[in-house]
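Q: I have a protein chain on my screen and would like to learn how to read it step by step. Could we go through its features together?

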Amino acid sequence: MKNIRGALRPVVVVVLVWTLLCAIGALGNYADYVKRGEPMTYGAMLWLWWREHLLLMVFSCAIYAWLSRRPALLGQWRALALVYAVLVMLFVPLEIKYSSVLAGQPIAATSGFEWFLEFAWTTFTFVAVVGVCIARDTRAREKAWQRAHTENLGLRLELEQQRILALRGQLNPHFLFNALNAISSLVRSSDGKLALVGISHLSDLLRYALQASERNHVSLADECRFVDDYLALQTLRYGGRLQIGIDGAGAAGQIPPLLLQPLIENALRHDLDCHDRPSDIRLAFGGDDERLTIHVSNPVLADSVANPGLGLGLRHSRARLQLAYGDAATLTAGIEEGRFAVDISMPRYALAA
């Protein structure tokens with residue numbers, strides 16, 4: 001049923017367009033008849049015009065149907081010119097014959113002007129139908145491109161969301177593993193009270209991690225409180241050796257959840273785990289109204305034993321920034337003046353969707 005409607009729609013449109021043209025032409029002739037006082041109704045005049053252009057209606061529908069099945073032909077102007085020449089040679093004599101039959105006169109009585117007029121109508125019809133077919137084909141291509149573009153964006157968005165979930169799935173167990181290591185150290189030291197305090201801190205941390213993992217961004221203040229709880233838990237393991245300076249923690253802004261913890265953890269691993277002296281870890285926030293900067297650094301001592309670790313922290317942080325901000329965020333890491341520094345520059349607030 002839908003296919004039948006689709007096939008009939010162009011026919012109905014062609015008939016309506018030609019009927020409108022005939023109505024305009026018939027109106028002019030009817031006005032002339034009225035001025036001369038001749039007995040002719042507008043309905044009769046419209047019927048004469050419609051009947052005389054019936055063959056052109058059929059011609060329009062046939063050309064439209066033929067070109068619709070050969071869309072590749074629309075861009076080949078030489079081929080279209082050849083088709084036009086053939087149709088003119090075949091259709092114009094047929095239209096002249098049809099008009100002669102309606103008028104009840106022989107073809108020989110047809111004037112040169114009438115031949116020119118039929119040639120003009122045929123040319124107009126062919127050009128109009130080709131133009132409509134080109135416009136329809138262009139519109140169909142645009143819709144197909146927009147549909148493909150939308151589907152591609154949907155697939156990319158779904159992929160990005162899956163990558164974010166995968167990164168979170170890698171990050172949270174990694175953090176949990178290290179937090180449990182800190183508590184297990186307290187349990188092995190037979191310090192039950194500190195172990196209970198550590199479990200309490202871990203409960204708070206996991207609660208935040210579970211809540212934050214459902215969001216794409218959290219406030220900088222919430223993330224700093226999470227870092228404070230994490231450092232309190234690590235203090236139970238390292239004691240007074242854990243020393244970290246935090247500057248600008250009261251700054252406003254939004255960041256991806258659990259972004260800071262792996263950076264602090266990385267600094268701890270490459271500082272306190274490499275020697276038995278106090279740490280010197282620095283965390284600083286800065287920037288301006290539009291951008292937020294984060295600086296995390298720890299000293300690199302010549303006599304310290306290297307701790308290669310798993311290298312997940314920096315890779316995950318860089319990947320999460322890329323997914324959240326694209327090229328609007330950067331993460332650089334390297335040794336600067338005897339310290340291993342990680343510097344992040346990112347929009348201060350979440351980018352609009």
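The dialogue below moves from the whole chain to single residues.

Q: What kind of model is this, and how many helices and strands are there in the protein?
A: Please keep in mind throughout that this is a predicted model. There are nine helices in the protein, together with seven strands.

Q: How can I describe the protein as a whole, for instance what share of the residues is buried?
A: Of the 353 residues in the protein, 33% are buried. The protein exposes about 20,500 Å², and 63% of that area is supplied by carbon and sulfur atoms.

Q: How do I read a sheet, and what is the order of the strands in the open sheet of five?
A: The general idea is that strands of a sheet pair through backbone hydrogen bonds, either parallel or antiparallel. In this structure the five strands of the open sheet follow the order β2-β4-β5-β7-β6, and the pairing is mixed. The edge strands, each of which pairs on one side only, are β2 (244-247) and β6 (330-336). From one strand to the next, the twist averages 15 degrees.

Q: Which strands does β7 pair with, and how many bridges join them?
A: Strand β7 (residues 339-347) is joined to β6 by seven bridges, and these two strands run antiparallel. Nine bridges join β7 to β5, and this pair also runs antiparallel. To follow the pairing residue by residue, you can find I335, whose bridge partner in β7 is F340, and then A333, which stands opposite V342 in β7. For S297, the bridge partner in β7 is A341.

Q: What lies between β6 and β7?
A: The two strands form a hairpin with two residues between them, and E337 in the turn has a positive phi of about 55 degrees.

Q: Where does helix α8 lie, and is it mostly covered or mostly open?
A: Helix α8 lies across β2, β4 (281-287), β5 (291-299) and β7, and it runs at about 20 degrees to β5. The helix, which spans residues 260-269, is mostly covered, with 10 of its 10 residues buried. The buried residues of α8 include L260, P262, L263 and I264, and also E265 and R269.

Q: Is M89 buried or exposed, and why?
A: The idea is to compare the relative accessible area with a cut-off, and a residue counts as exposed when this value is over 50%. M89 has a relative accessibility of 58%, and therefore it counts as exposed.

Q: Where is A350, and which residues is it in contact with?
A: A350 is in the segment after β7. Because its relative accessible area is 32%, A350 is partly exposed. Leaving aside neighbours within four places in sequence, A350 is in contact with H217 and Q254. A350 and Q254 show how the fold brings residues together: they are 96 residues apart in sequence, but 6.2 Å apart in space from C-alpha to C-alpha.

Methods: Residues are numbered from 1 along each chain as its sequence is written. This is a predicted model: local features need pLDDT of at least 70, side-chain atom pairs count only at pLDDT 80 or more; totals for chains, interfaces and linings use all residues. Side-chain values use heavy atoms; hydrogens and water are left out. Buried means under 20% relative accessible area, exposed over 50%, partly exposed in between (1.4 Å probe, protein chains only). Helices (H or I, at least four residues) and strands (E, at least two) are DSSP runs, numbered from the N terminus. Two strands pair if DSSP finds at least two bridges between them. Axes are lines fitted to C-alpha atoms, for helices over the stretch in contact, and angles run from 0 to 180 degrees between N-to-C directions. Contact means heavy atoms within 4.5 Å. Accessible areas come from the Shrake-Rupley method with a 1.4 Å probe; for residues, only the protein chains shown count as cover.
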